[in-house]
There are 2 protein chains.
Amino acid sequence: MKKNIGSVVGLYPTPLVVVGAMVEGKANWLIAGHVGIVGHNRLLVSSMKNHYTNKGIKENKVLSVSIVDEALLPKADYVGSVSGAKTDKSEAFAWYRGDGGAPILEESPLVMECKVVDNYETETFDNFILEITATLADENILNEQGKIDYGVLKPILFEFPTYSYMKTGDFVGKCLKLNSK
Amino acid sequence: MKKNIGSVVGLYPTPLVVVGAMVEGKANWLIAGHVGIVGHNRLLVSSMKNHYTNKGIKENKVLSVSIVDEALLPKADYVGSVSGAKTDKSEAFAWYRGDGGAPILEESPLVMECKVVDNYETETFDNFILEITATLADENILNEQGKIDYGVLKPILFEFPTYSYMKTGDFVGKCLKLNSK
């Protein structure tokens, strides 16, 4: 018999991302682990309403979503630990302005530049629904077919219950081909 | 300079789940990797509108979301490869009816029983917004504080670009404590 531990969100680990947005003319950065995929073409990024970055996202309607690899993690963790309202984080990473206007984090191997198409608001959270306008990848994380190779990229993952970062492990197999039955 | 590979969803790997719902009086099962966390208390499960399971979810407004570990993966992969419209999958797993009415997958170490509080519809997808009514865990995946230990659970993850399953790797460290700067 299973133990009922209450209404605990257990849908982890999720990919950790750095969200980049211009706020009051400066690049600002936020880490997020409460993210999702909506259909086959939209992302969801959930961010507490009082976050400083949300202001710029709402004003400019563009942002970037960067995957964090192990090399980037210490800096990503740092920008998650201080608020842009008090600390200028614009030089925390090397970056440039993307075609859509969002700051692109050069040190991330995989950045999705997005426009905000909706905000699915809950009581204390903005849940931004995002359309991807460009996916910017370092060549070395692409396989011979030009697809993202997560075995090379190995994104850092997040889990809330013990508030920890985890690694992406190895491949197990191809989907819908294990033929167990 | 990064390469623009188009509007590619790169927010992977995500936790693979088995969604369980009663459809026409029988338990039915669906695998999903397009999932998300909305705020701190809601889940999102995205499922193409023509999926057989969606019918039961809409009728009953309850479902279960089960994390897949390596032992469960072959069966999870099987239920993902056949439609409930053609194949009776009710006996694919051992299960029982949860307090809320959804089928609870006994073989998963972590099951969230949920009620559907909204459907954020897009053109071809139902994106069910879920409130968790009970989180049911096997004792061995809980740590001494009673929290879910993802280092023991090691959920199977999903990535779409090469359509593969991946393992959860090891812990890297505690969030917001890496003090890089």
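B:Lys61 is found in the loop between helix H1 (52–60) and strand S7 (62–67) of chain B; helices (H or I, at least four residues) and strands (E, at least two) are DSSP runs, numbered from the N terminus. B:Lys61 has a positive phi of about 60° although it is not a glycine. This is a predicted model, in which local features need pLDDT of at least 70 and side-chain atom pairs count only at pLDDT 80 or more, while totals for chains, interfaces and linings use all residues. Residues are numbered from 1 along each chain as its sequence is written, chains are lettered from A and ligands numbered from 1 in the order in which they are written, and side-chain values use heavy atoms, with hydrogens and water left out.

**Cis peptide bonds**

- In chain A, a cis peptide bond with omega of about -5° joins A:Tyr12 and A:Pro13. A:Pro13 lies in the loop between strand S1 (3–4) and S2 of chain A.
- In chain B, B:Tyr12 and B:Pro13 are joined by a cis peptide bond, with omega again about -5°. B:Pro13 lies in the loop between S1 and S2 of chain B.

**Relation of the two chains**

- The same surface serves both copies, since 100% of the contact residues of chain A recur in chain B; contact means heavy atoms within 4.5 Å.

**Interface between chain A and chain B**

- The contact takes 97 residues from chain A and 97 residues from chain B.
- The area buried between the chains is about 8300 Å², and carbon and sulfur atoms give 67% of it. Buried area is the accessible area (1.4 Å probe) that two parts lose on being put together, summed over both.
- A:Lys2, A:Leu11 and A:Ile37 supply 11% of the area that chain A buries against chain B, more than any other three residues.
- Two salt bridges are found across this interface, a salt bridge being a side-chain nitrogen of Lys or Arg within 4 Å of a carboxyl oxygen of Asp or Glu.
- A:Asp138 forms a salt bridge with B:Lys2, with the closest N and O atoms 2.8 Å apart.
- Strand S13 (residues 164–174) of chain A gives the most to the side of chain A that touches chain B, with eleven residues.
- By class, that side of chain A has 52 nonpolar, 27 polar and 18 charged residues. Ala, Val, Leu, Ile, Met, Phe, Trp, Tyr, Cys and Pro count as nonpolar, Asp, Glu, Lys and Arg as charged, and the others, Gly among them, as polar.

**Strand pairing across the chains**

- Six strands form an open sheet with antiparallel pairing, in the order S2(A)-S12(A)-S13(A)-S13(B)-S12(B)-S2(B); two strands pair if DSSP finds at least two bridges between them.
- The edge strands are strand S2 (14–15) of chain A and strand S2 (14–15) of chain B, each of which pairs on one side only.
- Seven bridges join S13(A) to strand S13 (residues 164–174) of chain B, and these run antiparallel. A:Phe171 stands opposite B:Met166 in S13(B).
- Strand S11 (residues 125–137) of chain A is joined by two bridges to strand S1 (residues 3–4) of chain B, also antiparallel. The bridge partner of A:Ala137 in S1(B) is B:Lys3.

**Salt bridges in the whole structure**

- Over all chains, 18 salt bridges are found.
- A:Lys26 forms a salt bridge with A:Asp88, the closest N and O atoms being 2.8 Å apart.
- A:Lys26 lies in strand S4 (residues 26–32) of chain A and A:Asp88 in the loop between helix H2 (73–81) and strand S8 (95–97) of chain A, so the pair ties together parts that are 62 residues apart in sequence.
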